[in-house]
Amino acid sequence: MSTKPTTTDLEWTELDQRAVDTGRVLAADAVQKVGNGHPGTAMSLSPAAYTLFQKVMRHDPADADWVGRDRFVLSAGHSSLTLYIQLYLAGFGLELDDLKAFRTWGSKTPGHPEQGEQVASKSGGAVWVPLAVALGLALLTAASYAELATKYARAGGASYYATLAYGPFVGFFTGFCMLAAGIVSVAALARGFGGTYLTAFVNLPVALVAVLFLGALALLNARGISESTRANVVATVIETSGLLLIIGLGVWLVVRGDGDVGRLTQLGTAEHGPMAAALSGAVLAYYSFVGFETSVNVAEETRNPRRAYPRALFGALGTAGLIYAAVGAAASAAVPTGVLAGSDGPLLEVVRAAGGVPGWLFSAIALVAVANGALLTGIMCSRLAFGMARERLLPSFLTRVLPRRRTPWAAIATTTALSLLLALTGDIETLAATLVLLLLVVFFTVNTAVLVLRRRDTSGNPDHFRAPAVIPVLGALSCVVLATQIDHEVWLRGLVLLAVGAAIR
């Protein structure tokens with residue numbers, strides 16, 4: 001057991017230097033073996049981490065839960081290898097084989113969660129709370145979309161509404177944010193495809209997976225909407241079956257006595273109180289509900305949009321919210337919060353705990369779900385870029401199409417290339433938060449556009465859905481509140497994208 005350090009303890013010996021150098025080599029070898037990860041920080045922090053664990057901190061490897069121990073909190077999650085190596089050197093139960101299995105499926109060293117710091121790590125065991133908060137906030141903005149989509153039933157969506165309310169510059173800027181958000185979303189999904197679920201079948205570098213994955217999606221996109229739509233229908237059925245499977249397994253774990261429903265009331269973490277935890281988790285959970293905003297583009301092709309569109313919109317969001325909340329509750333009750341927060345395949349942890357279902361089967365379902373989301377978003381991005389170019393809002397070369405299939409190959413290639421660039425330079429949490437930030441800009445504009453157009457524009461369909469007067473106000477305020485929960489690093493990345501849009505115009 002380590003005690004309070006003395007001057008003698010802090011002296012540096014040749015043995016200490018060898019241990020530090022060993023830590024650096026282990027960091028490099030672990031990443032080299034798996035083919036992906038982040039060795040640089042673990043290598044550079046090796047002296048500091050070794051000093052803390054061996055000469056400063058009080059701990060007992062034989063009693064890891066000793067109440068008098070010092071706690072080590074690693075905020076830089078992508079340097080999880082730093083902690084793993086020190087746990088190995090200090091004798092906390094990790095073996096050399098565990099380091100060799102870094103970032104591989106089922107290992108003790110899974111690495112930093114590539115699905116972002118999961119909602120559980122932000123909110124605690126009550127995962128359903130931030131999901132419910134995110135759904136409520138999304139419904140506020142959805143009501144504004146329902147009013148505008150039934151009042152002005154034509155393609156163009158948020159960009160068209162912003163143009164009516166604020167003029168062409170804001171209209172372009174809103175459309176650009178939608179386009180940028182879609183590109184970022186595809187990048188995040190490409191990185192997600194190369195995470196834990198894929199390692200159930202093969203270990204490949206995330207960068208290589210991103211290249212192959214996005215290339216395949218671009219080719220399918222270029223074949224045309226009909227082929228892509230058929231693939232989407234099949235994938236949606238598979239995706240839904242996977243979520244229902246998780247709910248069933250979670251219930252089974254609780255029934256057989258291996259779960260703990262008490263975790264469902266644990267809201268808050270050491271870093272976040274209950275309110276802050278709900279809002280912080282809601283930023284990530286909000287990502288689960290985005291996509292409804294693109295449905296307004298088909299409103300003009302809908303029979304009786306005043307009646308059909310609001311029902312479809314609120315019904316879809318409500319159904320998704322119930323399923324996601326049930327999945328979150330089932331996972332939290334079935335698996336300890338720390339395990340969920342430390343895994344880049346949290347739902348796979350439920351499958352492992354329950355047994356009876358092969359891990360590879362659920363991994364395959366998860367990969368189909370990720371690919372489905374990326375395909376749909378990729379289609380939206382390329383068509384939006386094509387449309388904006390046709391309106392002379394983006395460079396004209398984006399209007400080039402394939403001679404036979406008439407699909408916008410230039411827009412597909414350009415948006416795919418940009419998604420690949422982002423996938424290679426960002427992690428999933430940052431990309432997901434950047435997507436949410438861009439959409440919050442769009443949603444704020446839409447909510448305020450409702451208020452502006454109610455006062456001064458009477459050209460739309462008079463028999464349209466009308467949200468209660470306070471809803472657009474609350475929707476706009478919700479965007480501001482969520483924006484305050486986004487990290488400053490994400491703000492910097494988002495502001496760069498916004499500056500690019502302003503400069504293009």
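In this predicted model, the buried residues of helix α21 are covered by elements that include α9 (168–193) and α19 (428–456).

**Helix α21**

Helix α21 takes in residues 488–504, 17 residues in total. At 1.5 Å a residue, a helix of this length should span 24 Å, and the C-alpha atoms at its ends are 24 Å apart, so expectation and model agree. Val490, Gly494, Leu498 and Gly501 are the buried residues of α21. Viewed down the helix axis, these buried residues lie within an arc of 65°, and therefore they line one face of α21. An α-helix has 3.6 residues a turn, so residues three or four places apart point the same way. The other side of α21 carries the exposed residues His488, Glu489, Leu492, Val496 and Ala503.

**The chain as a whole**

The protein chain has 21 helices and zero strands. Of its 505 residues, 50% are buried. Contacts between residues at least 6 apart in sequence were also examined: 78% of them join residues at least 24 apart. The chain has an accessible surface of about 22,600 Å², and carbon and sulfur atoms account for 63% of that area.

Thr141 sits in helix α7, which covers residues 128–151. Trp360 belongs to helix α17, residues 359–390, and Leu376 is also found in α17.

| Residue | Relative accessible area | Class |
|---|---|---|
| Thr141 | 0% | buried |
| Trp360 | 48% | partly exposed |
| Leu376 | 39% | partly exposed |

Thr141 counts as buried because its relative accessibility is 0%, and buried means under 20%. Apart from neighbours within four places in sequence, the residues in contact with Thr141 are Tyr286, Phe292, Phe443, Asn447, Gly475 and Cys479.

Trp360 is partly exposed, at 48%. Together with Phe201, Val202 and Leu361, Trp360 makes a nonpolar surface patch of about 370 Å².

Leu376, at 39%, is partly exposed as well. Between Leu376 and Gly291 there is a separation of 85 residues in sequence, while their C-alpha atoms are 9.6 Å apart in space.

Terms used
Residues are numbered from 1 along each chain as its sequence is written. This is a predicted model: local features need pLDDT of at least 70, side-chain atom pairs count only at pLDDT 80 or more; totals for chains, interfaces and linings use all residues. Side-chain values use heavy atoms; hydrogens and water are left out. Helices (H or I, at least four residues) and strands (E, at least two) are DSSP runs, numbered from the N terminus. The expected span of a helix is 1.5 Å times one less than its number of residues. Buried means under 20% relative accessible area, exposed over 50%, partly exposed in between (1.4 Å probe, protein chains only). The arc is that of the directions from the helix axis to the C-beta atoms. Contact means heavy atoms within 4.5 Å. Patches are made of residues with over 30% relative accessible area and no salt bridge: like charges are joined within 9 Å, nonpolar side chains (Val, Leu, Ile, Met, Phe, Trp, Tyr) within 5 Å. Accessible areas come from the Shrake-Rupley method with a 1.4 Å probe; for residues, only the protein chains shown count as cover. A salt bridge is a side-chain nitrogen of Lys or Arg within 4 Å of a carboxyl oxygen of Asp or Glu.
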